[in-house]
Amino acid sequence: MALSLYVDTERWRAHQQTVLRQFPGLVPVCKGNGYGFGHERLAEEVTRFGSDVIAVGTTYEAARMKDWFSGDLLVLTPFRRGEEPVPLPDRAIRTVSSVDGVNALVGARVVIEVMSSMKRHGVMEEDLGKLRASIEDVRLEGFAIHLPLDRTDGTDAVDEVIGWMDLLRAARLPLETMFVSHLKPEEFALLQQQFPQTRFRARIGTRLWLGDHDATRYRGSVLDVTRVIRGDRFGYRQQKAPGDGWLVVVAGGTSHGVGLEAPKAMHGMTSRAKGVARAGLATVNRNLSPFVWDGKQRWFAEPPHMQVSILFVPEEAAEPKVGDELTAILRHTTTQYDRLVDN
């Protein structure tokens with residue numbers, strides 16, 4: 001009995017091919033928990049469709065990925081002087097976001113990231129002159145720009161990339177390869193058309209692996225079902241059952257990521273009102289679980305345990321049976337499955 005990730009493999013791979021056609025030279029990203037699939041599985045997929053490079057989040061991820069992928073390993077987290085050294089092969093490429101970082105990586109393969117409107121990290125415009133002398137001591141693989149997902153001020157992603165291309169060219173820096181993120185297919189094509197001498201490479205993770213939501217499904221197995229009547233006490237905290245029905249023990253707990261939620265950006269009054277409502281219900285121990293039974297998301301009977309969750313299913317719903325599987329609406333990037341099933 002397990003929390004399982006079911007993958008419609010044919011559909012999932014068809015979506016991958018669609019994205020690969022939209023972004024020629026795509027750099028597949030595999031970071032964190034491998035977008036829910038795991039690093040080893042994504043390394044297999046990248047090898048299958050023939051990419052020469054895979055992007056990972058950290059040097060620690062690169063150290064693991066080197067055993068599963070034989071191509072180049074692009075580390076996205078920028079190098080910092082004094083960081084813990086991690087043994088990596090020569091096929092590892094470090095991202096650098098400062099002139100100091102470039103100076104500290106003599107002889108290394110590097111991608112230099114410039115400061116975008118994300119304002120997260122990157123070389124500033126005023127440092128481009130110093131950068132020109134520094135790159136002679138490294139093996140420059142290209143420049144990179146990481147763009148925001150939303151542009152609430154009406155600015156244009158293509159214009160931002162072109163602006164940096166002009167700055168780099170004015171500083172007499174080589175523009176053979178430019179790594180980009182969060183561009184639409186038509187924006188990517190427009191840049192490649194306007195700058196035919198530069199090879200643009202889109203670093204893509206979420207769109208590539210999770211872009212077709214119906215290609216994957218989490219399901220938790222029912223382990224036990226106990227009949228309760230209103231007022232019966234149960235669980236670690238001996239709470240009272242809110243009504244007649246069943247306590248359903250289902251595979252999937254905090255060790256899997258069930259009950260964990262990343263902060264969300266709220267837009268508009270409707271989403272804010274829903275957030276306030278959820279917070280209010282939580283104060284009286286009413287928390288909606290990600291598990292769906294008989295067409296509805298069911299409430300946690302109590303906070304999820306380490307490897308299982310206990311749900312309350314009211315008597316007006318169909319009675320769950322041991323061995324049934326409940327669909328679970330879970331975020332891939334925070335979920336650890338017990339098993340992956342290819343359909």
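The sections below cover the chain, an annotated span, a pocket, a cavity and selected residues.

## Basis

This is a predicted model, in which local features need pLDDT of at least 70 and side-chain atom pairs count only at pLDDT 80 or more, while totals for chains, interfaces and linings use all residues. Residues are numbered from 1 along each chain as its sequence is written, and side-chain values use heavy atoms, with hydrogens and water left out.

## Overall chain

The protein chain has nine helices and 18 strands. Both are DSSP runs numbered from the N terminus: helices are H or I with at least four residues, strands E with at least two. Along the principal axes, the C-alpha atoms fill a box of roughly 75 × 45 × 40 Å.

Of the 343 residues, 48% count as buried; buried means under 20% relative accessible area, exposed over 50%, and partly exposed in between, with a 1.4 Å probe and protein chains only. Among contacts (heavy atoms within 4.5 Å) with a separation of 6 or more, 66% join residues 24 or more positions apart.

## Annotated span

UniProt, in an unreviewed entry, places the feature "domain: Alanine racemase N-terminal" at residues 11-152. UniProt positions follow the numbering used here, feature names are shortened, and annotations may be inferred rather than shown by experiment. In the model this span is 30% helix and 20% strand, and its end C-alpha atoms lie 34 Å apart.

## Second largest pocket

The second largest pocket has a volume of about 870 Å³. Of its 31 lining residues, His 146, Leu 147, Leu 149, Ser 181 and His 182 are the closest to its centre. Strand S8 (177-181), strand S9 (199-204) and helix H8 (206-210) each give two or more residues to the lining, and S9 has the largest share, with three. By class, 14 lining residues are nonpolar, eight polar and nine charged. Here Ala, Val, Leu, Ile, Met, Phe, Trp, Tyr, Cys and Pro count as nonpolar, Asp, Glu, Lys and Arg as charged, and the others, Gly among them, as polar.

On a 1 Å grid over the protein atoms alone, a pocket is an open set of points with protein on both sides within 12 Å along at least five of seven lines; a cavity is a set where a 1.4 Å probe fits but cannot get out, and lining residues have an atom within 4 Å of a point. Points are joined across faces, edges and corners, and a volume is the space filled by probe spheres set on them.

## Cavity

The whole structure holds one cavity of 30 Å³ or more, and the largest cavity has a volume of about 30 Å³. Its lining consists of Glu 113, Val 114, Ser 116, Met 118, Arg 120, His 121 and His 146: two nonpolar, three polar and two charged residues.

## Individual residues

Tyr 35 sits in the loop between strand S2 (27-28) and helix H2 (39-49) and is buried at 6% relative accessible area. His 182 sits in the loop between S8 and helix H7 (185-194) and is partly exposed at 37%.

Asp 212, in the loop between H8 and strand S10 (216-228), is buried at 18%. Its side chain makes a polar contact of 2.7 Å with that of Arg 11. A polar contact is a pair of N or O atoms within 3.5 Å; within protein, one must be able to donate a hydrogen and the other to accept it, and residues adjacent in sequence count only if both atoms are side-chain atoms. A polar atom of the Asp 212 side chain also lies 3.1 Å from the backbone nitrogen of Asp 214. Beyond neighbours within four places in sequence, Asp 212 is in contact with Arg 11 and His 15.
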